[in-house]
Amino acid sequence: MSIVAAGKDRGTPTAEMTGTYLDRASGMARGLGIDGPSLHVIEAPKALSGPERQAREAELLLGAVPPGDGIILLEERGKNMKSRDVAALIERHRDDGGGGLHFMIGGADGFGSALTKDHPQVRGTLSFGAATWPHMLCRVMLAEQLYRAMTLLAGHPYHRD
């Protein structure tokens with residue numbers, strides 16, 4: 001399992017928080033038969049903009065995912081899920097033997113036409129609501145949700161309904 005994201009985030013509080021939650025999730029995942037989540041970052045050349053940048057980012061994002069693995073796109077028009085739904089999605093993917101599962105956060109201009117919910121590797125979409133969130137903060141929120149999902153699947157008391 002991984003977060004595949006566009007744009008670098010080094011040495012910031014959000015990078016530290018993302019790392020903390022991914023480390024926690026990895027520790028829990030081992031006992032659940034799930035690959036602990038990691039972060040894979042891509043960056044398109046800064047000289048590109050608009051559709052060219054979207055296309056290059058989509059190419060780089062897809063290049064980070066092995067063929068046959070599943071993708072969940074994080075996008076504003078995605079499905080608004082409760083934490084238990086995210087855990088159930090991960091559990092179903094594991095139980096169906098669907099290979100790895102990768103949550104993608106695109107660049108500031110979105111995914112573009114090369115990477116949509118109709119792409120054969122895309123298994124679904126996820127939204128953190130109608131508000132616009134900074135991409136680096138989305139990484140933290142997603143990493144926390146992956147940790148929360150692992151705790152739910154392990155029966156750990158971290159999550160409270």
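**Notebook: salt bridges, cores and a helix pair**

I started with D161, which counts as exposed at 75% relative accessibility. The model I am reading is a predicted one.

**Entry 1: D161 and its partner**

I looked up what D161 pairs with, and found a salt bridge to R84, with the closest N and O atoms 2.7 Å apart. D161 sits in the segment after α4 while R84 sits in helix α3, so this pair ties together parts that are 77 residues apart in sequence. I also checked R84, which is partly exposed, with a relative accessible area of 43%.

**Entry 2: other salt bridges**

How many salt bridges does a search of the whole structure find? I noted eight. One of them joins R56 and E59, and here the closest N and O atoms are 2.6 Å apart. Both residues belong to helix α2, which covers residues 50-63, and they are three residues apart, so about one helical turn separates them.

Next I took E91 and R94, whose side chains meet in a salt bridge at 3.8 Å, N to O. These two are three residues apart in helix α3, which puts about one helical turn between E91 and R94. E91 is partly exposed at 31% relative accessibility, and R94 is partly exposed too, with a relative accessible area of 30%. I then found that E91 and R94 are linked with D95 in a network of salt bridges.

**Entry 3: the nonpolar cores**

Which residues touch the most other members of the largest nonpolar core? I wrote down I3, I90, F103, L142 and M150, out of 29 residues in that core. The elements giving two or more residues to this core are the strands β1 (2-6), β3 (70-74) and β4 (101-105), and the helices α1 (13-30), α3 (83-95) and α4 (135-154). The largest share, nine residues, comes from α4.

Leaving aside residues up to four places away in sequence, F103 touches M1, S2, I3, V4, I72, L74, L89, I90, L142 and L146. There is also a second, separate core of 12 residues, and its members include A6, V65, I71 and M104.

**Entry 4: α1 against α4**

I looked at how these two helices pack, and found an angle of about 20° with the axes 8 Å apart. That angle makes α1 roughly parallel to α4, because angles under 35 degrees count as such. The crossing in which α1 passes α4 is left-handed.

I listed the residues that meet across this pair. From α1 they are T14, M17, T18, Y21, L22, R24, A25, M28 and A29, and from α4 they are M136, R139, V140, A143, E144, L146, Y147, M150, T151 and A154. M150 had already come up among the residues touching the most other members of the largest core.

**Entry 5: Q54**

Last, I went back to helix α2, where Q54 is found. Is Q54 buried or exposed? At 18% relative accessibility Q54 counts as buried, because the cut-off is under 20%. I then asked what Q54 touches, not counting residues up to four places away in sequence, and noted D109, G110, F111 and G112.

Note on methods: Residues numbered from 1 in each chain as written. Predicted model: local features only at pLDDT ≥ 70, side-chain atom pairs only at ≥ 80, totals over all residues. Heavy atoms only, no water. Core = buried A, V, L, I, M, F, W, Y, C linked by side-chain atoms within 4.5 Å. Buried < 20%, exposed > 50% of the residue type's maximum accessible area, 1.4 Å probe, protein only. Helix = DSSP H or I, 4+ residues; strand = E, 2+ residues; numbered from the N terminus. Contact = heavy atoms within 4.5 Å. Salt bridge = Lys/Arg side-chain N within 4 Å of Asp/Glu carboxyl O. Axes fitted to C-alpha atoms, helices over the stretch in contact; angles between N-to-C directions. Parallel < 35°, antiparallel > 145°, perpendicular 65-115°, else oblique. Left-handed = near helix turned anticlockwise from the far one by under 90°.
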